[in-house]
Amino acid sequence: MFKNYLLTTLRNLRKNKAHSFINIFGLSAGMAVAMLIGLWIWDETQYDTYHKNYNSIAQVMQNETFNGKITTGKGNVLPLAAELRRSYGSDFKYVVLSSWSMNSLVAAGDKKINIQGNYMEGDAPEMLSLKMLAGTRSAFKSPSSILLSQSTAKALFGNADPIGKVVKIDGELNEKVAGVYEDLPENTSFKDVAFIAPFFDLTSWVKGNENNWYNESFQVFVQMANNADMAAVSAKIKNIKVNKIDAKTAKLEKPEMFLFPMSKWHLYSTFENGVSVGGAIQYVRLFAIIGAFVLLLACINFMNLSTARSEKRAREVGIRKAIGSLRSQLISQFFSESLVVAFFAFLTSILLSLLILPFFNSVSGKQIGLPWGNIYFWLAGILFSAVTGLIAGTYPALYLSSFQPVKVLKGTFKAGSAAAIPRKVLVVTQFTVSIVLIISTVTVFRQIQFAKSRPTGYIRQGLITIIMQTYNYHNNLANMRNDLLQQGAVTDIAESNTPVTENDHYSDGFNWPGKDPQASAKFNTVGISIDYGKTLGWQFIDGRDFSRQLVTDSSAVVLNETAVKYLGFKKTVGSTIKWYDKTFRVIGVIKDVVMESPYEPSKQTVFYLDSSIGGILNIKLSPNMPTAASLAKVAAVCKKYSPEEPFNYKFADEDYARKFSDEERVGKLAAFFATLAIMISCLGLFGMASFMAEQRTKEIGLRKVLGASVFSLWQLLSKDFVGLVIIALLIAAPAAYYFMYNWLQHYEYRTNMAWWVFAATGAGAIAITLLTVSFQSIKAALANPIKAIKAE
């Protein structure tokens with residue numbers, strides 16, 4: 001019986017090649033999208049599961065109240081770890097202090113590389129369950145030991161055994177290689193950790209902070225004891241810091257510690273008012289919905305085309321019933337056909353996925369591959385195909401098998417106008433989903449462009465930043481500046497303690513006349529050298545820049561607009577503010593410099609002169625010299641004053657552009673899926689138009705004989721489809737407005753929902769519809785009417 005069903009199915013597929021292609025390709029496109037999105041979602045939800053202790057690892061975080069708002073941060077004080085061990089030791093298996101090194105110069109002999117690493121306590125390798133390729137995890141507990149990632153060991157030592165060899169970090173620390181661990185995968189929070197060095201070897205950071213409960217420059221990770229409940233322990237440590245700081249600070253800042261589990265680090269990292277409100281999980285949900293809808297569109301195509309061609313197979317059903325076929329047998333046959341098409345589509349979808357995967361990975365920033373050896377993948381694929389085939393074939397099977405053989409064989413059977421209603425509903429559903437996706441995609445890109453066009457308060461073009469590995473640049477800054485200015489390679493050069501495109505330096509302890517004594521204020525603080533403003537191209541609203549001629553500027557500050565509004569001074573320039581025990585005079589006010597998220601308001605920022613910074617070297621290349629020539633001269637001067645440091649630089653405009661990467665990635669993925677959705681919808685529309693033209697062949701022939709023009713016939717065949725798209729637009733517009741308006745509320749600096757986006761999308765949808773159906777409509781209108789009506 002099954003063999004008979006299969007032969008009948010293959011015969012029907014060969015007989016109706018165009019119909020078969022549309023069905024199989026449409027379903028396979030939908031399945032490929034669902035497959036890619038499913039793999040992407042799996043990768044996202046498996047983030048950090050590489051670590052065996054994933055479910056019991058947490059980071060200690062804290063909520064503090066500043067400027068009337070609760071802020072959540074990862075920064076913690078050094079003595080917190082010892083206090084956790086002392087007071088709550090039975091609740092934790094490991095407590096590990098950590099300090100990230102975002103750009104370290106690591107050298108082994110003549111080999112030097114710039115990499116990221118982490119200074120951690122001895123239990124870190126066990127907590128992170130590192131897979132050791134050489135050495136052991138416990139060897140890291142030996143004094144002055146370091147663990148290298150596989151790629152780092154390869155870069156420094158080639159194929160030689162690195163164990164016992166010495167590496168130098170930032171020209172200061174000599175560490176002995178105690179082990180080599182497998183490179184961490186892309187979907188882990190520690191993916192960029194190329195080495196792990198002993199935390200307490202950071203003597204310049206650690207010294208003096210052993211009992212300092214105010215310097216929040218460190219991070220603390222914990223692994224729970226086997227019998228400990230993370231939520232209960234989190235509640236227990238809530239006030240651990242309150243009793244360690246002065247009563248006034250405790251009252252103003254209200255510090256509250258809590259444990260943030262590793263399982264939430266990636267998908268639930270956004271906090272508002274001290275509570276996790278989501279994060280990347282919104283994109284997981286969004287693309288899960290998109291994948292489901294795109295697959296639904298493909299299923300709708302299958303159902304539409306199968307039911308639309310029912311009259312073609314009505315005589316077959318009548319004959320089968322007349323010779324004894326039961327309705328259940330017919331239902332089984334049609335379900336079999338649907339399942340065969342679905343399995344063909346599944347195999348085709350794998351091929352499509354392989355073709356699309358490189359592009360998908362580049363857009364999504366992933367390294368996803370098809371899990372060929374995973375039995376669950378194949379079981380899921382087969383189950384997926386079966387369910388899709390059953391869902392897609394339900395209506396055709398039940399509808400076709402219900403035909404009455406007497407009416408069919410006598411030729412009196414007509415599907416009637418009511419039979420077209422489900423198909424019209426499905427077409428409206430298809431275009432509703434497609435239009436929502438298009439409006440959403442356009443809105444995402446408009447938000448990105450809106451943020452990109454935001455004034456940044458400085459000139460990014462030609463500005464490069466260099467992370468200083470040693471103090472050589474700092475100690476020779478004046479000589480470097482003179483050399484580069486004389487060569488005409490730069491317009492200026494200056495230092496800062498943070499890059500211009502980010503700022504994680506903030507401080508409290510500010511007081512000023514009129515400040516509410518019950519309020520705790522926190523400002524972003526940027527330590528700079530004297531020519532920083534000229535190097536960046538600050539835009540002054542009031543006052544002046546720092547000056548070499550005025551010694552008193554060592555006690556001066558420049559404020560941004562947001563800081564001035566927050567302070568509430570009637571006359572800002574000349575006013576004084578107190579930062580802990582030192583009084584500063586305001587000499588200038590500049591336009592807000594966008595240093596953090598371009599989607600958020602600028603934070604109140606204080607710029608001050610710091611003679612000992614040595615963090616970031618900012619260089620403004622001369623516009624009068626080709627960039628390559630300028631960079632060559634800068635490299636030569638840098639090599640002259642710090643020969644051991646590699647010349648590694650970043651362009652500020654490229655760094656700034658990276659701030660839009662997440663939204664651009666979402667926009668590109670949404671555009672890709674919206675394009676596929678439209679393509680699938682048009683494919684179905686093309687098939688429907690083909691069927692409608694074929695069904696109305698005699699009517700068209702008679703109309704032509706009676707004098708109807710090609711244009712009037714084109715109108716006749718096209719207007720129904722245009723009407724369906726207009727209905728879809730009326731449904732999609734408010735739905736898209738609702739979803740995208742709520743999405744935009746996540747950004748304080750956001751674009752509006754422009755009316756022309758809806759109008760343009762509607763016009764585009766109608767145009768695409770007309771282009772899709774016009775081929776079949778005009779073909780039918782140009783056909784010879786004699787051939788259509790000669791049988792009559």
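In which loop is Lys254 found? In this predicted model, Lys254 belongs to the loop that runs between helix H8 (247–253) and strand E11 (256–261). The phi angle of Lys254 is near 50°, a positive value in a residue other than glycine. With a relative accessibility of 47%, Lys254 is classed as partly exposed, because that class lies between the limits of 20% and 50%.

A positive phi is also found at Asp48, where the angle is near 75° and the residue is again not glycine. Asp48 lies in the loop between helix H2 (17–45) and strand E1 (57–66). The relative accessible area of Asp48 is 0%, so this residue is buried.

The largest nonpolar core contains 103 residues, of which Phe287, Phe360, Tyr532, Trp538, Phe607 and Phe673 touch the most other members. When residues up to four places away in sequence are left aside, Phe360 touches Leu36, Trp40, Ile368, Leu669 and Phe673. Another core, of 47 residues, lies apart from the largest one; Leu78, Ala81, Tyr88 and Trp213 are among its members.

Empty space within the structure was considered next. Rolling a probe the size of a water molecule over the atoms shows where such space is left. Three cavities of 30 Å³ or more are present in the structure, and the largest cavity holds about 40 Å³ of space. The lining of the largest cavity is formed by Asn103, Asn114, Ile466, Ile467, Gln469, Tyr473, Glu645, Pro646 and Asn648. By class, this lining comprises four nonpolar, four polar and one charged residues.

Key: Residues are numbered from 1 along each chain as its sequence is written. This is a predicted model: local features need pLDDT of at least 70, side-chain atom pairs count only at pLDDT 80 or more; totals for chains, interfaces and linings use all residues. Side-chain values use heavy atoms; hydrogens and water are left out. A nonpolar core is a set of buried Ala, Val, Leu, Ile, Met, Phe, Trp, Tyr and Cys residues joined through side-chain atoms within 4.5 Å. Buried means under 20% relative accessible area, exposed over 50%, partly exposed in between (1.4 Å probe, protein chains only). Contact means heavy atoms within 4.5 Å. Helices (H or I, at least four residues) and strands (E, at least two) are DSSP runs, numbered from the N terminus. On a 1 Å grid over the protein atoms alone, a cavity is a set of points where a 1.4 Å probe fits but cannot get out, and a pocket is an open set with protein on both sides within 12 Å along at least five of seven lines; lining residues have an atom within 4 Å of a point. Grid points are joined across faces, edges and corners, and a volume is the space filled by probe spheres set on the points. Ala, Val, Leu, Ile, Met, Phe, Trp, Tyr, Cys and Pro count as nonpolar, Asp, Glu, Lys and Arg as charged, and the others, Gly among them, as polar.
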